[in-house]
Amino acid sequence: MKIHPHNQIHHSYKQATEQVQKQQKPKEAKQDQVEISQTAKEMQQSGIDATRKAKVDALQKQIDAGEYRVDERAVAHRFFEFWNERG
């Protein structure tokens, strides 16, 4: 006597697949959303103050010229101060 379980497995698989397909509802298309707070909108509209813009422009010139150097000691010191004030 030969046993061919292939048909039984195939039948069970087909039933399970059909059942899953019935349970799945059509997926709604999700859309990304971003909410911007009123404060952020006001900041965006107010623009950048002249002092900060001048500082950013000067740094950008140094970066473009390849002359910008990070002061590692100053950065480390600021990190140290920041984490010690929080602790």
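Which pattern does the protein chain follow when read along the sequence? The answer is α-α-α-α, with four helices and zero strands making up the secondary structure. Helices here are DSSP runs of H or I with at least four residues, strands are runs of E with at least two, and both are numbered from the N terminus.

Colleagues, please note that this is a predicted model, in which local features need pLDDT of at least 70, side-chain atom pairs count only at pLDDT 80 or more, and totals for chains, interfaces and linings use all residues. Residues are numbered from 1 along each chain as its sequence is written, and side-chain values use heavy atoms, with hydrogens and water left out.

Of the 87 residues, 0% count as buried; buried means under 20% relative accessible area, exposed over 50%, and partly exposed in between, with a 1.4 Å probe and protein chains only. The chain exposes about 9700 Å², by the Shrake-Rupley method with a 1.4 Å probe, and carbon and sulfur atoms supply 53% of that area.

A nonpolar patch of about 760 Å² includes Leu59, Val70 and Trp83. Patch residues have over 30% relative accessible area and no salt bridge, and nonpolar side chains (Val, Leu, Ile, Met, Phe, Trp, Tyr) are joined within 5 Å. Helix α4 gives the largest share, four residues. Val70 sits in the loop between α3 and α4.

Finally, the count of salt bridges is one, the criterion being a side-chain nitrogen of Lys or Arg within 4 Å of a carboxyl oxygen of Asp or Glu. Asp57 pairs with Lys53, their closest N and O atoms 3.5 Å apart. Both lie in helix α3, four residues apart.

Methods. Patch = residues over 30% accessible without salt bridge, like charges linked within 9 Å, V, L, I, M, F, W, Y side chains within 5 Å.
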